[in-house]
Amino acid sequence: MAKVAVIGAGSWGTALAKVLHTNGNQVTVWSIVEAEIAMLCERHEHVDKLPGVKLPEDMEFTTDLKTAVEDKEYLILAVPSVFTRSTAKSMAPFVKAGQIIVCVAKGIEENTLMTLSDIVEEEVPAAEVAVMCGPSHAEEVGVGLPTTVVAGAKKRKVAEGVQDIFMNEVFRVYTSPDVLGMELGGSLKNVIALAAGMADGLGYGDNTKAALITRGITEMSRLAIKMGAKAETLSGLTGIGDLIVTCESRHSRNRKAGMLIGQGYTMQQAMDEVKMVVEGVYSAKAAIALAKKYGVDMPIIEEVNRVLFEDKPAKEAVRELMMRDRRAEHSALKWEA
């Protein structure tokens, strides 16, 4: 049994807290929102973000970050990516050497182009940093549907420690040393999922969705490998696996926001309607900045940015993608002479 704090009481943090407690760990959940903690203490259920998922009576809830962080072996950082730096900075005074921070959000910081684990390492140098991601919607994890994810860290023992506290008969955890590939896959797929949602909102069909997923993983892999990630990671759970579930699932907030935009909503109207953080909107600008920095062609992500931030109609963006210059699917394949 480990002492674990879940920092962030949204749907994902709540679902992971339940998994951890089921496995016999001592779990404390922290949120900066007093009303949220009051609700969890009283109802033992996040009625707004994860209704129907009951939390155990002996799970602790607090708004005191010092109390949450101190004396815990693992700190599960589950706040939205846009709050990762500020939360890590607030945690830093209470973190001791040897504590493990596990980043479970997905995103790239827009102004620095840093991954979330890089941000945490910068803000909390005392900690060991790991990540965990994969095709895993909180709504399904919370009710115990079979799910597989990957725990990543630079040190094998750190990744295997994360694996140990989370893994059970319905929550399978693999390990990987390719933290960069995992984080890029988890971030970039949200942008592609916005495009998939736009296609749904426009009334397009399965052919369109299959094309977006397939060409989307090509763009994601092209950038990630250029940055030093491994191809195996992008073809695995944290690449194509996460992309499929985010493009297809009714639980996907990125797909839902994209669908609303395809139906004519503005980006802001879509985010307001979803009522949860749409990570792909925040990652889109960072993704295109990375593409330019590394000289990588990412036409789907370029068009998503134009729809989000230049008010380009989604239908026009799809037409321009379809009418790009003719080319071979895989330029590395050679024709017979």
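G264 follows α12, and its phi is positive, near 115 degrees.

**Entry: ground rules**

I am working with a predicted model, where local features need pLDDT of at least 70 and side-chain atom pairs count only at pLDDT 80 or more, while totals for chains, interfaces and linings use all residues. Residues are numbered from 1 along each chain as its sequence is written, and side-chain values use heavy atoms, with hydrogens and water left out.

I took helices and strands as DSSP runs, numbered from the N terminus: helices are H or I with at least four residues, strands are E with at least two. I called a residue buried under 20% relative accessible area, exposed over 50%, and partly exposed in between (1.4 Å probe, protein chains only).

**Entry: helix α12**

I went back to α12 itself, which spans residues 253–262. Seven of its 10 residues are buried, so I noted the helix as mostly covered. The buried ones are N254, R255, A257, G258, L260, I261 and G262.

**Entry: helix α2**

Which residues of α2 are buried? I found E36, I37, M39 and L40. They sit on the same side of α2, because they cover an arc of only 160 degrees around the axis. That arc is taken from the directions from the helix axis to the C-beta atoms. On the other side of α2, I found E34, A35 and E42 exposed.

I then checked what covers the buried residues of α2. The cover includes β2 (26–30) and β3 (60–62).

**Entry: positive phi values**

I kept a general rule in mind: most residues other than glycine have a negative phi. H44 has a positive phi, near 50 degrees, and is not a glycine.

I placed L113 in the loop between β5 (100–103) and α5 (116–123).

**Entry: H21**

I found H21 in helix α1, residues 11–22. H21 and L55 are 34 residues apart in sequence, and their C-alpha atoms are 8.9 Å apart in space. Next I listed contacts, meaning heavy atoms within 4.5 Å. Leaving out residues up to four places away in sequence, H21 touches V27, P56, D58 and M59.

**Entry: cysteines**

How many disulfides are there? I counted pairs of cysteine sulfur atoms within 2.5 Å. The count is zero. C103 is in no disulfide, and its nearest cysteine sulfur, that of C133, is 10 Å away. That is too far for a bond. I found C103 buried at 3% relative accessible area, and C133 buried at 6%.

**Entry: the cavity**

I searched on a 1 Å grid over the protein atoms alone. A cavity is a set of points where a 1.4 Å probe fits but cannot get out; a pocket is an open set with protein on both sides within 12 Å along at least five of seven lines; lining residues have an atom within 4 Å of a point. Points are joined across faces, edges and corners, and a volume is the space filled by probe spheres set on the points.

The whole structure has one cavity of 30 Å³ or more. The largest cavity holds about 70 Å³. C103 and C133 turn up again here, among the residues that line it. β6 (128–133) and α8 (179–201) each supply at least two lining residues. I sorted the lining by class: Ala, Val, Leu, Ile, Met, Phe, Trp, Tyr, Cys and Pro are nonpolar, Asp, Glu, Lys and Arg charged, and the others, Gly among them, polar. The cavity lining has seven nonpolar, two polar and two charged residues.

The largest pocket has about 990 Å³ of space. It is lined by 42 residues, and A78, V79, P80, R253 and E279 lie nearest its centre. Elements giving two or more residues to this lining include α1, α2 and α12. The lining has 18 nonpolar, 16 polar and eight charged residues.

The second largest pocket has a volume of about 860 Å³. Of its 29 lining residues, R215, P299, I300, L321 and R324 lie nearest its centre. Which helix gives the most to this lining? I found α9, with eight residues. By class, I noted 15 nonpolar, five polar and nine charged residues.
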